[in-house]
Amino acid sequence: MKKVEMFTDGACKGNPGPGGWGALLRMGQHEKELSGGEPDTTNNRMEMTAAIKGLSVLIEPCEVDLHTDSKYLIDGITKWVHGWKKRGWINASKKPVRNAELWHELIELTAHHRVHWHWVKGHSGHPENDRVDQLASDAAEQFARAD
């Protein structure tokens, strides 16, 4: 199984507002950067989208070390999702789970890979996290200017 290092981040200018996401994938010496955004979104949606877009470009099952500064993303996919499934996608507050369509997409994608989730402190001089933060911010800025 091929090993991939992935770094993801999301950004939003206003929350909600114009948002962007960035992903950096590394396999051996090869690196690929991805980014994009939406005109009206939230920071959490962009954090999730970054992971989804990164995982979706992998064409075969891989062992993925996914690094993110989003506790929402990590806690959601590793802890909360089990309860949501049991309760029919209702959260602990008895309300429909936010971003359920993105959670479903992420669950589907992670089923094809062996994903190890790693939290990194944002804005702390972590080179790859700083890079994907820049990609996400630049994408959000483009959507903010287009507005």
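Analyst: Start with a definition. A disulfide here is a pair of cysteine sulfur atoms within 2.5 Å. This is a predicted model, and the structure holds zero disulfides.

User: Why is cysteine 12 called buried?

Analyst: Buried means under 20% relative accessible area. Cysteine 12 has 19%, so the label buried applies.

User: And what makes cysteine 62 buried?

Analyst: The cut-off is again under 20%. Cysteine 62 has a relative accessible area of 3%, and therefore counts as buried.

User: How do you know that glycine 22 is buried?

Analyst: Its relative accessible area is 0%. The limit is under 20%, so glycine 22 is buried. Glycine 22 is found in strand β2.

User: Which residues are in contact with glycine 22, leaving aside neighbours within four places in sequence?

Analyst: Contact means heavy atoms within 4.5 Å. Glycine 22 meets that with Phe7, Thr8, Asp9, Leu34, Ser35, Ala50, Val132, Leu135 and Ala136. There is also a C-alpha separation to report: 8.0 Å between glycine 22 and alanine 139, which are 117 residues apart along the chain.

User: What makes a set of residues a nonpolar core, and which members of the largest one touch the most others?

Analyst: The members must be buried residues of the listed nonpolar types, joined through side-chain atoms within 4.5 Å. The largest nonpolar core has 31 residues. Leu55, Leu58, Val64, Leu66, Trp103, Leu106 and Trp117 touch the most other members. At least two core residues come from each of β1 (2-12), β2, α1 (43-56), β4 (62-68), α2 (71-86), α3 (100-110) and β5 (114-119).

User: What is valine 64 in contact with, beyond four places in sequence?

Analyst: Val4, Met6, Leu55, Leu58, His113, Arg114, Val115 and His116.

User: Which residues of α3 are buried, and what covers them?

Analyst: Ala100, Leu102, Trp103, Leu106, Leu109 and Thr110 are buried in α3. The cover includes α1, α2 and β5.

User: What makes a residue part of the lining of a pocket, and which residues line the largest one?

Analyst: A lining residue has an atom within 4 Å of a pocket point. For the largest pocket, these are Val4, Leu25, Arg26, Met27, His30, Glu31, Lys32, Val57 and Leu58. β2 (17-27) and β3 (30-41) are the elements giving two or more residues to that lining. The volume of the largest pocket is about 150 Å³.

User: How does that lining divide by class?

Analyst: Five residues are nonpolar, one is polar and three are charged.

How values were computed:
Residues numbered from 1 in each chain as written. Predicted model: local features only at pLDDT ≥ 70, side-chain atom pairs only at ≥ 80, totals over all residues. Heavy atoms only, no water. 1 Å grid on protein atoms, 1.4 Å probe; cavity = no way out; pocket = protein on both sides within 12 Å on 5 of 7 lines; lining within 4 Å. Points joined across faces, edges and corners; volume = space filled by probe spheres on them. Helix = DSSP H or I, 4+ residues; strand = E, 2+ residues; numbered from the N terminus. Nonpolar A, V, L, I, M, F, W, Y, C, P; charged D, E, K, R; others polar. Buried < 20%, exposed > 50% of the residue type's maximum accessible area, 1.4 Å probe, protein only.
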